[in-house]
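Please look over the model below before reading the points that follow.

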Amino acid sequence: MKDMKTLIGDTLGEMVKQKSFDQITVTELVEACHISRQTFYYHFQDLLDVVDFVVKKTLDEILARSGEADDLYTAIRTIVYHVQEIQPVLQKGLRSNRREQMESIISSTIRQALDVYFDDLPVPKDVPEGDISIIKDFYAYGIMGFLIDHRISTETEAVILAGRIYRLISLALMNY
């Protein structure tokens, strides 16, 4: 059996497929879950808290899959492909009043993946750590923006995009 937070989060995810986040109320969610408001508020402060839980949980699962990769390219490919699976939900979240929070969660997850694999890249010794941090942030936001705006529906498209992103990151470091 699912834990209560997962039940509430999964139910919200199903509801978002039908309408926007902004149209969903706690009352509707509680009724769909067949739980009391007290149970809801025991686990979450509000709907935004549920959205945060769902997005972080999903992106953490994607990050864990990318963490099993042997290199940055494979990690990027994994992120690109699996984010596309949840893109419809992300799109609705980004069109809601919660856009800023959604962007922050997505970009920080991509940044975590970059942090794990960046050491595998040929970074010149004279690149200051502050510049490396900016490069990671730049690509995390760039990858997020591209994934939000473009639909990638096949593994082949994910492979091509991941290759392009990897080459851009590598070129940025080599031409430093």
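Two residues are said to meet, or to be in contact, when they have heavy atoms within 4.5 Å of each other. The coordinates come from a predicted model.

1. Overall make-up. The protein has nine helices and zero strands. Along the sequence the pattern is α-α-α-α-α-α-α-α-α. Taken along the principal axes, the C-alpha atoms fill a box of roughly 60 × 30 × 30 Å.

2. Helix 5 against helix 9. Helix 5 spans residues 72–85, and helix 9 covers residues 155–174. Their axes come within 8 Å and cross at roughly 135 degrees. Angles over 145 degrees count as roughly antiparallel and those from 65 to 115 as roughly perpendicular, so helix 5 is oblique to helix 9. The crossing is right-handed.

3. Residues of that contact. On the helix 5 side they are Leu72, Tyr73, Ile76, Arg77, Val80 and Tyr81. Helix 9 brings Glu155, Ala158, Val159, Leu161, Ala162, Gly163, Ile165, Tyr166 and Ile169. By class, the contact of helix 5 with helix 9 holds 12 nonpolar residues, one polar and two charged.

4. Helix 4 against helix 7. Helix 4 (residues 47–67) packs on helix 7 (residues 99–117) at an angle of about 20 degrees, and the axes are 10 Å apart. Because angles under 35 degrees count as roughly parallel, helix 4 is roughly parallel to helix 7. This crossing, too, is right-handed.

5. Residues of the helix 4 and helix 7 contact. Helix 4 contributes Leu48, Val51, Asp52, Val55, Lys56, Leu59, Leu63, Ser66 and Gly67. From helix 7 come Gln101, Met102, Ile105, Ile106, Thr109, Gln112, Ala113 and Tyr117. The contact of helix 4 with helix 7 divides into 10 nonpolar, five polar and two charged residues.

6. Helix 1 against helix 4. Helix 1 (residues 4–16) packs on helix 4 at an angle of about 90 degrees, with the axes 9 Å apart. That angle makes helix 1 roughly perpendicular to helix 4. Lys5, Thr6, Ile8, Gly9 and Leu12 of helix 1 meet Val50, Val51, Phe53, Val54 and Lys57 of helix 4. Six of these residues are nonpolar, two polar and two charged. Val51 of helix 4 is listed in the contact with helix 1 and also in the contact with helix 7.

7. The largest pocket. What is its volume? The largest pocket has a volume of about 450 Å³. Of the 20 residues that line the pocket, Asp10, Val54, Thr58, Ile86 and Val89 are the closest to its centre.

8. Where the pocket lining comes from. Helix 1, helix 4, helix 5 and helix 6 (87–94) each supply at least two lining residues. Which helix gives the largest share of the lining? Helix 4 does, with eight residues. The lining as a whole divides into eight nonpolar, five polar and seven charged residues.

Key
Residues numbered from 1 in each chain as written. Predicted model: local features only at pLDDT ≥ 70, side-chain atom pairs only at ≥ 80, totals over all residues. Heavy atoms only, no water. Axes fitted to C-alpha atoms, helices over the stretch in contact; angles between N-to-C directions. Helix = DSSP H or I, 4+ residues; strand = E, 2+ residues; numbered from the N terminus. Left-handed = near helix turned anticlockwise from the far one by under 90°. Nonpolar A, V, L, I, M, F, W, Y, C, P; charged D, E, K, R; others polar. 1 Å grid on protein atoms, 1.4 Å probe; cavity = no way out; pocket = protein on both sides within 12 Å on 5 of 7 lines; lining within 4 Å. Points joined across faces, edges and corners; volume = space filled by probe spheres on them.
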